[in-house]
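Here are a few notes to read alongside the model. Have a look at it first, and then we can go through the surface, the fold and the core.

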Amino acid sequence: QAGLELDRRSRMLYDDHAVFLNGEAYVVKGRDATLLRRLADHRRLEPSACRGFGTQARHTIGEWVAAGWVIPSSASADQTASSATATALVPAERRR
């Protein structure tokens, strides 16, 4: 299984309730929030940590990979982008 790395142009921030990636807000809780905050802080996540994402988070991360915001990283050259963790988060309502 692949790990994850933020694209060098991506910007990921967070607060107590959401994660923000390239201007988009996503409400996150629990283990998914912890892992995404770690990705924001370190700009990468090891494959073992990626296994902890929930189904919904996997779907959203898959969308991020497709958009080029997040890049699958692997310990071996044999792994490809298709083996990336895909995840889904609930979009946050835009704050005014």
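1. The protein chain exposes about 5,700 Å², and carbon and sulfur atoms supply 49% of that area (Shrake-Rupley method, 1.4 Å probe; for residues, only the protein chains shown count as cover). Do keep in mind that this is a predicted model, where local features need pLDDT of at least 70, side-chain atom pairs count only at pLDDT 80 or more, and totals for chains, interfaces and linings use all residues. Residues are numbered from 1 along each chain as its sequence is written, and side-chain values use heavy atoms, with hydrogens and water left out.

2. Three helices and seven strands make up the elements of the protein chain, in the order β-β-β-β-α-β-α-α-β-β from the N terminus. Helices (H or I, at least four residues) and strands (E, at least two) are DSSP runs, numbered from the N terminus.

3. In the largest nonpolar core, 21 residues come together, and Met12, Leu36, Leu45, Phe53 and Trp64 touch the most other members. Such a core is a set of buried (under 20% relative accessible area) Ala, Val, Leu, Ile, Met, Phe, Trp, Tyr and Cys residues joined through side-chain atoms within 4.5 Å. H1 gives the most to this core, with five residues.

4. Which aromatic pairs turn up in a search of the whole structure? There is one: tyrosine 26 and tryptophan 64, edge-to-face because the ring centres are 5.2 Å apart and the planes are at 70° (centres within 6.5 Å make a pair; planes under 30 degrees apart are stacked, over 60 edge-to-face, the rest tilted; for Trp the six-membered ring is used).

Definitions and conventions. Buried < 20%, exposed > 50% of the residue type's maximum accessible area, 1.4 Å probe, protein only.
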